[in-house]
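Good morning. Please look at the model as it comes up.

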Amino acid sequence: MNTIGFIGCGKMAQAMIAGIIQSSFVPHDSILVSAKTDSTCKLVHNAYKVPYTLENRKVAQFADILILAVKPHLYASVLDEIKLDRKKDAIVVTIAAGIDLEFMYTYLGEEAKIIRSMPNTPSLVGEGMTVFCHSKQVTKEEMKFIKSLFSSFGSVQVMEEKLMDYIPAISGSSPAYVYMLIEAMGDGGVRSGIPRDTAYKLAAQAVLGAAKMVLETGKHPGRLKDEVCTPGGATIEAVAALEEHKFRGTILSAMEACNQKNREMK
Ligand code: NAD
């Protein structure tokens, strides 16, 4: 198990490839990528020095771990194209919302080794979050390998399949909400006269630091919030304004909208 193939090399695949290369998880020539256009392939080759082909079947023939990194609506045609070419023991990894194990069995059979995963783009800087489940044919040894592969670009969480439909809203898509928070905080800083670059730096570091506090102290997020709020101080005024504008309720609604759209796309 040491060759990794990517069919499709857009934003998500590139983020994963960047993490894999930066962490030296496998050498460049243990990776083979394909995409729809020569220009995309060349872009990825120039950035990460990985070999490429325009033939998906060649990637399937090459890969021990075959990652399908195309949009969900293309899975059926790509699987039809490559199903006879994949290596006998290849582990096929899905990264698309709504593509479940059952769907994969209809193309590859119930004996196939499949990992259903949901990564996110902070993998590009080694801070991704990949949540995954697996088909019953994947061995403990292979699970260990897959975990270390995903760990090469961030954190890993194994999840039961029935919850996988809800992972995009909290993990795959959620960096977008956080970027909006950082952008808004940046605007707030600029409004007060702080230079824009500095404002984004301060906002992003606050998000990074707060996230680390949650992960590393193990304290409840509400308690950490309380610890920033001096009684009668300015922070509790900001918290009150956020509550008045339904900050938490808005996030919950956004996540439900994301879940709803993913259900419709199934
Ligand atoms: P993208 O549009 O950036 O990339 C898609 C890639 O597929 C392109 O490289 C394109 O050339 C290639 N492609 C299209 N048709 C092809 C074909 N027939 N054969 C081979 N390659 C083909 O999309 P993306 O954002 O990277 O998303 C890819 C997958 O990752 C999707 O299923 C998406 O749900 C999933 N995903 C994306 C994110 C994210 O934040 N972007 C997060 C989690 C999961």
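I will start with the ligand, then go to its pocket, and end with the cavity.

This is a predicted model, in which local features need pLDDT of at least 70 and side-chain atom pairs count only at pLDDT 80 or more, while totals for chains, interfaces and linings use all residues. Residues are numbered from 1 along each chain as its sequence is written, and side-chain values use heavy atoms, with hydrogens and water left out.

First, the ligand. It is surrounded by 21 residues, and the closest are Cys9, Lys11, Met12, Asn56 and Val70; near here means having a heavy atom within 4 Å of the molecule. By class, this shell holds 13 nonpolar, five polar and three charged residues. In that scheme Ala, Val, Leu, Ile, Met, Phe, Trp, Tyr, Cys and Pro are nonpolar, Asp, Glu, Lys and Arg are charged, and the others, including Gly, are polar.

Which polar atoms face the ligand? For polar contacts, the cut-off is a pair of N or O atoms within 3.5 Å. The side chain of asparagine 56 has an N or O atom 2.9 Å from a ligand nitrogen. A polar backbone atom of glycine 10 is 3.1 Å from a ligand oxygen, and a polar side-chain atom of lysine 71 lies 3.3 Å from an oxygen of the ligand. On its own the ligand has 830 Å² of accessible area, and the protein covers 80% of that (Shrake-Rupley method, 1.4 Å probe).

Next, the pocket. The ligand sits in the second largest pocket, meaning that more than half of its atoms lie within 2 Å of the pocket's grid points. A pocket is an open set of points on a 1 Å grid over the protein atoms alone, with protein on both sides within 12 Å along at least five of seven lines; a cavity is a set where a 1.4 Å probe fits but cannot get out, and lining residues have an atom within 4 Å of a point.

This pocket holds about 1000 Å³ of space. It is lined by 36 residues, with Met12, Ala69, Val70, Lys71 and Pro72 nearest its centre. The lining has 19 nonpolar, 13 polar and four charged residues.

Last, the cavity. How many cavities of 30 Å³ or more does a search of the whole structure find? The search finds one, and the largest cavity has a volume of about 40 Å³. Among its lining residues are Ala96, Arg116, Met164 and Asp165.

Terms used. A polar contact is a pair of N or O atoms within 3.5 Å; within protein, one must be able to donate a hydrogen and the other to accept it, and residues adjacent in sequence count only if both atoms are side-chain atoms. Grid points are joined across faces, edges and corners, and a volume is the space filled by probe spheres set on the points.
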